[in-house]
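Hi everyone, thanks for coming. Let me bring the model up on the screen, and then we can walk through part of it together.

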Amino acid sequence: MTISEIQEEIIDEFSMFDDWQERYQYMIDLGKSLPLIKPEYKTEDNIITGCQSKVWVNAEMNDDKVIFTADSDAIITKGIIAILIRTFSNQHPKDIIEGNTDFIDKIGLKEHLSPTRANGLVSMIKKIKMYALAYQTQLN
Amino acid sequence: MINVNKIREDFPILNREVNGKPLIYFDNAATSQTPKQVIDVIVDYYSNYNANIHRGVHTLSQEATDLYEAARLKIQEHFNAKHSYEIILTSGTTHGINLIANGFSSLLQRGDEVLVSALEHHSNIVPWQMLCERTGASLKVIPMNENGELIMSAYDSLLSEKTKLVFVNHISNALGTINPIEEMIKKAHQVGAAVLIDGAQSCPHIKPDVQELDVDFYVTSAHKMCGPTGVGMLFGKEEWLNKLPPYQGGGEMIDQVTFEKTTYAGLPHKFEAGTPNICGGIAFGAAIDYMNTIGFDNIASYEHELLSYATMQLLNIDGLKIYGTAKDKTSVISFNIEGIHPYDIGTILDKMGIAVRTGHHCAQPIMDFFKIPGTVRASFAFYNTKEEIDALVKGVETAKMMLS
């Protein structure tokens, strides 16, 4: 699936919920089910200090696609990470670079991607794009 | 006695909704809300008096100057300073601390010691670290116990003739501990050290008397006590303020300027370079008036009631741990629920319209002491109610259910 197809699918899933509590519960459950980053990747190098919650992210290339794994010490942050990983992982670097995160607004979670939120997510997206850019350069 | 329903009418913001729910504001230790009596003064100033002060011969400038200086007198009276020129109007607590730290650069030397408490806010740690780096003096830390109380016997043994300065907050922002500053000041003076007290967290709850405390420097911010942000005060004993060099150069703080030499203005202007926050200073005075009308004894006893009630209710939640259990504490509760990150609890509470603070509260050393990434902190003011605390408890229970 393309990034925008996945994003449409996520928007569909979230449209089933009537209130914030159901939306958050779903996100929390997604956070709990996120495949954990391998312990050897949970390094100081891979950490994004977000002041409030910590985020770890790792990237690997597999058949011209970038595989992201990530983790956070806060479960809501981890839930959003799960959504972002589902969108951007296992995609071609070029598509990742061109992809955007506007869909987060449509599922009512915009405030979590605010640059002032200090949860590490904005930096995480930057890092995902940087990885994609680096891999794209390798491919060229 | 506090008539909380009547008091709440003074605070327009308490009528608003957040995320579709009535706002419950429990982040008072970060900043307090502003009553209409103070907002009116701000509007009135910009509507009728706005001018630059101290230099103008025109009427507006004179009136604005009178209002600003009247505010200084109110502040002097409130803190019971001996002279009005011992009150320096600053941009806030951090400004006051930096002003003193900078001033002591020329008074300290290698071998001197500076004591700070383990309970400090970053703003009362970093300027002293910078001071020690500049002067070669060393920074020593007064440790605390598991309850979040400073260990007085350790303080006694740290004090010596080498101690030149002691910095401690009156009340800890992260834990709410009220420190025994009277005793600490007395002991510091016995070895000839000066003491600076950070009163950012105390001034919303108690009325400090700087002469009775015999404190050398006392700093606070207006926005913690119903005033606006960007203004605060530094009290300094006259002899100390005369000894310290100016902090910033600029207009207002000079006597004569030539390219060869500048002589400085007297107190308090020596430390008030540039155009000050005129409106803020005047509103600070109005905030002090407002709080005194309610009465600090009333505020203290009502907030204590809220604290006891909230502590009891919150402790009923399984797995909830309160950090900071000092015998003497103010209306701040820092807590965590076992296995749940404070950020997650804060986020869920926000969805319910409840404002709390999460994180390390700019006091990382305290969090390191307890080996936690941070806490959820609910801090209460005299305009909060028991019903709001009930909503908090219910909110925390819901958050726990969702996050476990």
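Let's start with a pair of neighbours: strand 13 (residues 320-323) of chain B and strand 14 of chain B run antiparallel, joined by four bridges. Strands count as paired if DSSP finds at least two bridges between them.

Before going on, a word on the source: this is a predicted model, where local features need pLDDT of at least 70 and side-chain atom pairs count only at pLDDT 80 or more, while totals for chains, interfaces and linings use all residues. Residues are numbered from 1 along each chain as its sequence is written, and chains are lettered from A and ligands numbered from 1 in the order in which they are written.

Back to our strands. Opposite B:Phe335 in strand 14 of chain B stands B:Ile322. And what does strand 14 of chain B pair with over four bridges in the antiparallel sense? That is strand 17 (residues 375-379) of chain B. There, B:Ile333 has B:Ala378 as its bridge partner, and B:Ser334 has B:Arg377.

Now zoom out. The open sheet has four strands in the order 13-14-17-16 (chain B), with antiparallel pairing. Its edge strands, strand 13 and strand 16 (357-359) of chain B, each pair on one side only.

Is strand 14 of chain B mostly covered or uncovered? Mostly covered: six of its six residues (332-337) are buried. Buried means that 20 or more other C-beta atoms, placed from the backbone, lie within 10 Å of the residue's own; 12 or fewer is exposed, and in between is partly exposed. B:Val332, B:Ser334 and B:Asn336 point one way from this strand, and B:Ile333, B:Phe335 and B:Ile337 point the other way.

Finally, hop over to chain A. Because 13 of its 14 residues are buried, helix 3 of chain A is largely enclosed by the rest of the structure. Just after this helix, A:Asn90 takes a positive phi of about 65 degrees.

Terms used. Helices (H or I, at least four residues) and strands (E, at least two) are DSSP runs, numbered from the N terminus.
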